[in-house]
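Q: Hi, could we go through this structure together, starting with what sits inside?

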Amino acid sequence: MRARMARQRLTDETNPLRFRAVIEQYVLDRVVGGPQVMRAQLEHLLTLMQRDNVELHVMPVNVAVHDGLDGDFLLLDFDEAQSIGYIEYPTGAIYVQDQDQVGAYTLSADRLCAAALSVSDTADAIAARIETLTTNSED
């Protein structure tokens, strides 16, 4: 329920959460739920990307080495509290509160975004994948 409430805050007009993410290009090619479901998911991403508070980047396959290879991480920035890092693993999670370590993760996040496709190129890549799914499902 908390996750659903957080997702709703992405589209809250009065006080939306700011969301920035980098996803691997492979995610666009993994057709989960069939072409129609995947197409709807990708269209939803494009819709969300039109919002000022959502920034999505695709990491191209040809970027062989990048800061995300060691695993996923989240940075949580707060208006009235210190930022923290969050790293989830199969049997639990770690909250990183040391601000030097949080700074290192922030630098990694910035480098990931710089190595990935721009927001507009990401939107183009997602749109191209939607077109492929549409064309292939009509055959």
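Q: Which residues make up the largest nonpolar core?
A: In this predicted model, the largest nonpolar core is made up of ten residues in all, namely A21, L28, M38, L42, M49, L56, V58, I126, I130 and L133.

Q: And which elements give two or more residues to this core?
A: Those are α3, which covers 35–49, together with β2 at 54–59 and α5 at 119–138.

Q: Okay, take M49, what is M49 in contact with?
A: If we leave aside its neighbours within four places in sequence, M49 is in contact with V54, L56, V119, T122, A123 and I126.

Q: Which residues does the second core include?
A: The second core is separate and has eight residues, and M59, V96, V102 and A116 are among them.

Q: Changing topic to helix α4, what should its 17 residues span?
A: Helix α4 runs over residues 99–115, and at 1.5 Å a residue it should span 24 Å, which agrees with its end C-alpha atoms being 24 Å apart.

Q: Which residues of α4 are buried?
A: The buried ones are V102, S108, A109, L112 and C113, and because they cover an arc of only 135 degrees around the axis, they lie on the same side of α4.

Q: What do those buried residues pack against?
A: They pack against the strands β1 (19–24), β2, β3 (74–76), β4 (84–89) and β5 (92–96), while the face of α4 turned away from the buried side carries the exposed residues D100 and A114.

Q: Last one, what does D98 reach at the start of α4?
A: There, a side-chain oxygen of D98 comes to within 3.0 Å of the backbone nitrogen of D100.

Note on methods. Residues are numbered from 1 along each chain as its sequence is written. This is a predicted model: local features need pLDDT of at least 70, side-chain atom pairs count only at pLDDT 80 or more; totals for chains, interfaces and linings use all residues. Side-chain values use heavy atoms; hydrogens and water are left out. A nonpolar core is a set of buried Ala, Val, Leu, Ile, Met, Phe, Trp, Tyr and Cys residues joined through side-chain atoms within 4.5 Å. Buried means under 20% relative accessible area, exposed over 50%, partly exposed in between (1.4 Å probe, protein chains only). Helices (H or I, at least four residues) and strands (E, at least two) are DSSP runs, numbered from the N terminus. Contact means heavy atoms within 4.5 Å. The expected span of a helix is 1.5 Å times one less than its number of residues. The arc is that of the directions from the helix axis to the C-beta atoms. A polar contact is a pair of N or O atoms within 3.5 Å; within protein, one must be able to donate a hydrogen and the other to accept it, and residues adjacent in sequence count only if both atoms are side-chain atoms.
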